[in-house]
Amino acid sequence: MSEVINGPVYADVPRPAFRPGVAGTHITLRGLTKYFAGWPLYENLDLDIPKHKITSIFGPNGCGKSTLINMIAGLVPIDSGEILFDGKSLKDTTIGYVFQNYREALFPWMRTIDNIAYPLKLAGHSKAEVDRRMEELVASFDVKFDLRRYPYELSGGQQQTASIMRALAPKPEVLFLDEPFSALDFEMTLFIREKLQEVFIQTGTTMMLVSHDLEEAVYLADQVLLLTKRPTTVAEILQYDDPRPRTVATLTEPNFVATKKRSLEVFQREVRR
Amino acid sequence: MSTPHIEAAPAAAWKPPSELAAPPAPKRRDWGRALPLVGPILLIIIWDLVVRAGWIKAILLPPPADTLLTLINGMMGKALLPHFLVTLERTLMAFGIATAIGMPLGIALGSNERAYRSVEFVIDFFRSTPSSALIPLFLLIFGISDVNKVAIAAFGAFLIVVFNCAYGVINARKQRVAAAKVMGASNWQIFKDVLFWESLQPAFVGLRSAISMTLVIVVVAEMFIGSESGLGHKIIDAQQVMNVKTMYAAIMAAGILGYALNVLFLAIERRIVHWSGR
C-alpha cells in the first residue's frame, strides 16, 4: 500500500504569482510583513517605487517610515514578503544610504577621502579607478573643504556632505536617505538640499527620502508616500511634478501649496484615526 | 550652482573708535602651568616638618632630602637601578603575553556574542578574584621561579584585556556596522574595517588598567615569592633590616615606574585612537 494513512492535515498556502509593478517601477514590494514584539507593523504590504524619481515618505510617529527603508535596504530583516529591484534581489543591487546621524555613520579612523572611497574599495576597484571617481565626485560636489582631514575635524554639514558623497561613490541604483537633514542647522540644510537636487538632476538616481518636515518632503519629491498609523498601510500617494530645479519660488507655486495642503490633510486624518 | 555664502566683506570695515583705542590688556604671569607642582611641593614640606618636629621617629620616616638623595644615587648606581630594570622587564613581559593572547581572543569572543556569553562567568569570576590570592596556586604549578612572577601577572592582566576587548566589540556602534553592511561589506570586512577599530578605544582602557595590574602583581610576587631581584624584593629586604631610607627610595622608584607607564600608555592611546572623545 502506497497510500499515506496519517498524512499532514495542513497544506502549505501556495505563494501568489508575482505581480510586476506598473511601467516605470524600480522597486517592487510584495506581501511585505513585519512584526515588532508580536504586533504587526506591516502586514502584506504591496508597493511600487518608481524609477528615476524621488519618493518622500511621510507619516505619523512610530509608523515605521525608517523601518520601511531599512527593510528595503536590508538593514532590518523582514518576516515575509519579497523585495525586488528591477527584478533583481538586493544582493545584486548597488545601493547607497545616508544616515541621520552622520557622526556615527562615518568612520573616524579613516580620513574623509578614504571614507568616501570605502565602498569603491569594497567593490574591488583599482586605485586608478577609485582616484578617477573621487575626482569626479569632488568636482560635481564642488567641495570646498579639505578631504584629507578626519571626519571629526569637519563641521556637521561637511560631514553629512561627505556621507552623501560616500553613498553616491559606487553610483548606486537607489539612494536611501533617512532624515538626512535633521541633525543639521538651517543654513546647512538648505545647502545640502540643493546639492541633493543637483545630484538628482545630473544622475536621475532613484531616491527614497524619509523626512519629518513636510515642506522639505514635498519640495524634493516626485511622489509623496503618505503612511497610516500602525499597522501601517499606504494612506495615499500624491504625485508632485513641478519641474526642476525647484527654487524658493517653488514654495509658493499653487501646485506646491496644493500638494502640501493635501498631504497635511491626509496626515491629520491618519493621526486622528 | 551659486554658493549660498556671502563673499568677503568690504576691505576696511568700520570699527568703533573705542576698539581701536583700547589699551593692550595688562600682562599677567601664567601660573596655571605650575599648578600640578603644588601638590608634591606641599607634600614634601609637610613630610619635612613632621620629621623635623619629631612627630614621627626618624627610624620610621627619614627626612625627604635624604630619601630623595638615596633614590637618585640608587637609580644611578647598583643599589636600585638593576632592581628597577628587572621589575620593568617582568612587567613588560607579563603585559606582552597578556596582550598578545588577550587582544585577539577578546576581539574574537566579542564578535561572537554566544561564545562570549558562554565564558563570561569564568572571565568575570577570575577577574573579580584578587590575583594575589592565586599566588599559592601558581607556586604549585610553576614553583619558586622567575616564570611564576611573570605568569601570575600575565594571568591577571590577560583577563582584563580579554574583558575590555570583548566588550569593545560587543558595544561597537551599531550604525557604523550598518553603514558598512549597506555598502556591501562581508562579515570579514565588517570585522576588520569596523569592529576592530571600534573596539580599540575600550581596548586601550583595558590595556591601561592591565599594565597597572601587572605592576602590582609583579611587585607583590617579588615580595613574597623567593626572589633575589626586583623592586618588591628590595622593599622587603630593606624593611627587614630597618634600612628605611632605601625602603622609601625603592617605594618611590616603584611609584615612578607605575606613573611613567601610565603616562606612556596615555600617549600611545592618544596617538593610535586619535578620534577618541571627538
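Q: How many bridges join strand S1 and strand S2 of chain A, and in which sense do they pair?
A: Two strands count as paired if DSSP finds at least two bridges between them. Strands (E, at least two residues) and helices (H or I, at least four) are DSSP runs, numbered from the N terminus. Here S1 (residues 25-36) and S2 (residues 39-50) of chain A pair in the antiparallel sense over eight bridges. The hairpin has two residues between the strands, and in it A:Ala37 takes a positive phi near 50°.

Q: Before we go on, what sort of model is this, and how is it numbered?
A: It is a predicted model, where local features need pLDDT of at least 70 and side-chain atom pairs count only at pLDDT 80 or more, while totals for chains, interfaces and linings use all residues. Residues are numbered from 1 along each chain as its sequence is written, and chains are lettered from A and ligands numbered from 1 in the order in which they are written.

Q: Which residue in S4(A) is the bridge partner of A:Ile27?
A: In a regular strand the side chains alternate between the two faces of the sheet. As for this pair, A:Ile27 has A:Phe85 as its bridge partner in S4(A). S1(A) and S4 (residues 80-85) of chain A pair in the antiparallel sense over five bridges.

Q: In what order do the strands of the open sheet in chain A run?
A: Six strands form that sheet in the order S5-S6-S7-S3-S8-S9, with mixed pairing. The edge strands, S5 (95-98) and S9 (234-239) of chain A, each pair on one side only. From one strand to the next the twist averages 15°. Within the sheet, S3 (residues 54-58) and S7 (residues 206-210) of chain A pair in the parallel sense over four bridges, and A:Ile57 stands opposite A:Val210 in S7(A).

Q: What does H4(A) lie across?
A: Axes are lines fitted to C-alpha atoms, for helices over the stretch in contact, and angles run from 0 to 180 degrees between N-to-C directions. H4(A) lies across S5 and S6 (174-178) of chain A, running at about 170° to S5(A).

Q: At what angle do the axes of H4(A) and H5(A) cross?
A: Angles under 35 degrees count as roughly parallel, over 145 as roughly antiparallel, 65 to 115 as roughly perpendicular and the rest as oblique. The axes of H4 (residues 156-168) and H5 (residues 186-203) of chain A come within 10 Å and cross at roughly 20°, so the two helices are roughly parallel. Contact means C-beta atoms, placed from the backbone, within 7 Å. Among the residues that meet are A:Ile164 and A:Leu168 in H4(A), and A:Phe191 and A:Leu196 in H5(A).

Q: How far apart are the axes of H7(B) and H9(B)?
A: H7 (residues 146-170) of chain B and H9(B) have axes 7 Å apart and pack at an angle of about 160°. They are therefore roughly antiparallel.

Q: How many residues of each chain are in contact?
A: The size of an interface is often given as the accessible area lost when the parts come together. Counted by residues instead, 17 of chain B are in contact with 23 of chain A. H8 (174-182) and H9 (187-224) of chain B each supply at least two residues of the side of chain B that touches chain A. H8(B) gives the most to that side, with six residues.

Note on methods:
Contact = placed C-beta atoms within 7 Å.
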